[in-house]
Amino acid sequence: MKRHIAPFLRPLITLAGLVGIWWLLQWLSGIPSYLLPDPPSVAAALWHQRDLLAWSTMTTLTETVLGLLIGTVLGSICALGMVFSPLMQRWLMPLLLLSQAIPVFALAPLLVLWFGFGMASKVVMAVLIIFFPVTAAFSDGLRRTEIGWLDLARTMNASPASMLRYVRLPAALPAFGSGLRVATAIAPIGAVVGEWVGASAGLGYVMLNANARIETDVMFAALLVLAAMAITLWVLVDRVLRRVLFWAPDTSAIA
Amino acid sequence: MIARCLLTLLLCLPCPAGARAADTLTVILDWLPNPDEAPLFIAAHEGFFARHNLAVRLIAPSDASTPPIVAAAGHADIAITYQPQLYLLAAHGVPLVRFATLINTPLDSIIAPTGGPIKTLGDLKRRTLGFAVPGVEEVLAQAMIASAGVHPADVRLVNVNFQIVSALMTRRVDATISAYRNKEIYELRAHGMDARPFFPEEHGVPAYDELIFVTRRGMAGDPRLGRFVAALQESTAWLLDHPDQGFADFAADYPAQSSQLVHTQWNATLCRLDKSPGLLDNARYRTFGAFLAAKKLIPAAPEVADIAVQTEPVSGGAAP
């Protein structure tokens with residue numbers, strides 16, 4: 001019983017504590033509400049703007065998930081290509097690094113002009129942001145297959161294809177999982193950055209507008225919803241990965 | 001946009017201080033240094049601030065909606081903002097008052113490329129209209145659209161942020177509001193695209209002051225502000241007499257702004273400057289408040305005395 005409740009109770013207690021500190025700070029310092037709204041007014045904004053927030057969340061969530069899917073597929077293909085073709089590795093690696101060296105924020109205004117103010121530019125932004133962690137983690141995983149396993153496969157006369165299918169790929173999955181977890185956590189950033197520089201929908205758009213209208217309560221409400229969305233998405237991906245990679249030892253419990 | 005943010009955050013522009021311990025004032029601009037704030041740069045360069053024993057520090061903001069909040073929070077003495085924004089601020093209890101005007105005509109306009117689908121505002125039906133500053137500008141746009149007999153819901157509004165010119169150039173939007181008649185339209189022309197402007201004051205919006213100076217309510221009677229207004233007034237008068245020397249001063253202090261395009265914009269801006277910056281046009285402030293209240297953007301029109309004061313220029317301070 002206790003074990004079942006704890007995982008839900010702990011984050012709630014943490015959350016309640018944070019809200020308490022926020023409220024206390026706001027109350028003690030007397031910061032005006034246009035600088036820092038108090039929790040009740042943010043709660044009220046959450047309720048009154050629920051339609052707008054729900055609709056905006058759907059937009060941002062769709063952008064994030066699409067970006068995550070496309071970015072993961074592209075990143076995986078890229079990682080596989082780099083591991084199996086040194087030539088590709090030599091040509092792709094600088095490109096990959098370049099994609100990370102250029103801040104998406106600087107690129108965002110251009111992407112918006114190239115792909116329009118609609119959803120496409122936000123998806124591209126999310127893809128750009130998550131491409132690197134997926135590729136890097138997966139290609140590292142593919143490269144670090146235990147030598148013994150490969151030797152064994154070779155003695156068993158495995159073809160390169162079946163070596164990939166039965167040895168390298170499964171062995172690289174835990175690393176791929178780590179990459180995907182990082183990607184999930186940062187993908188919403190891409191979507192929101194895209195909405196920030198030009199959009200007509202989404203949570204970033206709501207925040208930008210609320211900020212300009214001095215509706216800090218709505219701004220905070222949207223921020224909370226965005227955080228909740230990002231955390232939920234991450235927890236979901238984490239759960240799925242744990243289930244799929246059940247055989248990868250989680251040694252954290254044996255400490 | 002972010003490049004701009006970072007730049008502006010770092011961009012503190014100290015001005016030459018007065019001879020003796022001059023009184024300091026910090027001003028948050030509405031934007032990166034540009035011809036709209038010409039009197040400030042000239043007052044610094046030509047010594048009008050120093051003559052009134054003021055050392056004025058100009059700071060560019062990270063985005064156009066934050067300066068008044070920064071001033072309200074006490075991080076700056078003066079902020080530049082827009083008259084329409086003043087009502088929003090007051091409605092949210094931000095304790096600021098307008099004490100001087102920089103530009104006393106609207107600059108904002110809807111612009112549409114000539115040769116594009118928008119010949120009249122009525123053509124905006126089922127078209128895309130970009131905007132850069134959310135809040136009041138959406139309402140201005142809606143009032144303008146409604147004056148042409150189009151239901152605002154029939155126009156798709158897109159926040160194009162700082163990409164006003166490029167969004168039009170790439171035809172991502174059919175028209176934009178937030179385009180200044182002294183700026184973006186010339187920028188478009190410089191890129192080979194001519195555009196047709198639609199002015200708010202000709203399409204259902206009362207005339208207003210595009211750029212105003214605001215300060216915390218408690219600081220409204222501060223003697224430094226009278227001297228600030230005096231310096232501003234002298235600087236503006238000087239500018240109108242010496243437009244080219246003025247641009248040379250500006251280009252020398254801000255080399256990035258020394259292009260022919262900015263010079264054209266500079267010349268188009270001078271006639272918009274308020275020659276009596278401290279004067280308050282009560283009727284204009286009352287009318288615009290009533291307009292915003294009628295459009296339900298603010299719950300009720302505020303008393304003008306609560307949001308704006310007149311400031312007499314006070315000569316002063318510096319020893320000869």
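Between domain 1 and domain 2 of chain B, seven residue pairs are in polar contact, with both partners at pLDDT 80 or more. The model is predicted. On the domain 1 side, three helices of chain B each supply at least two residues: α5, α11 (260-270) and α12 (282-294). Helix α11(B) gives the most to that side, with five residues. By class, the domain 1 side that touches domain 2 divides into 10 nonpolar, five polar and four charged residues.

Domain 1 of chain B is made of two stretches, 21-104 and 208-307. Domain 2 of chain B covers 108-202. Taken over C-alpha atoms, the centres of these two domains of chain B are separated by 25 Å. Their contact takes 19 residues from domain 1 of chain B and 14 residues from domain 2 of chain B.

Next comes the area of this contact. The size of an interface is often given as the accessible area lost when the parts come together. For domain 1 and domain 2 of chain B, the buried area is about 1,600 Å². Carbon and sulfur atoms give 71% of that area.

Which residue forms a salt bridge with B:Asp36? The partner is B:Lys183, and the closest N and O atoms of the pair are 2.7 Å apart.

Move on to the interface between the chains. Here 30 residues of chain B are in contact with 23 residues of chain A. The area buried between chain B and chain A is about 2,200 Å². Carbon and sulfur atoms give 63% of this area. Within chain B, the residues that lose the most area to chain A are B:His92, B:Asn159 and B:Arg172. Together these three account for 24% of what the chain B side buries.

How many salt bridges are counted between chain B and chain A? The count is zero. Polar contacts do occur: the interface of chain B and chain A has six such residue pairs, both partners at pLDDT 80 or more. Four elements of chain B give two or more residues to the side that touches chain A. They are α4 (67-72), α5 (83-91), β8 (156-159) and α7 (164-169). Strand β8(B) gives the most, with four residues. By class, the chain B side has 16 nonpolar, 10 polar and four charged residues.

In chain A, A:Asn157 is found in the loop between α7 (147-155) and α8 (160-197). The phi of A:Asn157 is near 65 degrees, a positive value in a residue other than glycine. Is A:Asn157 buried or exposed? A:Asn157 has 67% relative accessibility, so it counts as exposed.

In chain B, B:Arg126 lies in the loop between β6 (108-113) and β7 (128-131). B:Arg126 is not a glycine, yet its phi is positive, at about 60 degrees. B:Arg126 is exposed, with a relative accessible area of 66%.

Notes:
Residues numbered from 1 in each chain as written. Chains lettered and ligands numbered in written order. Predicted model: local features only at pLDDT ≥ 70, side-chain atom pairs only at ≥ 80, totals over all residues. Heavy atoms only, no water. Contact = heavy atoms within 4.5 Å. Buried area = accessible area lost by both parts, 1.4 Å probe. Salt bridge = Lys/Arg side-chain N within 4 Å of Asp/Glu carboxyl O. Polar contact = N/O pair within 3.5 Å; in protein donor to acceptor, adjacent residues only side chain to side chain. Nonpolar A, V, L, I, M, F, W, Y, C, P; charged D, E, K, R; others polar. Domains from an automatic or database assignment. Buried < 20%, exposed > 50% of the residue type's maximum accessible area, 1.4 Å probe, protein only.
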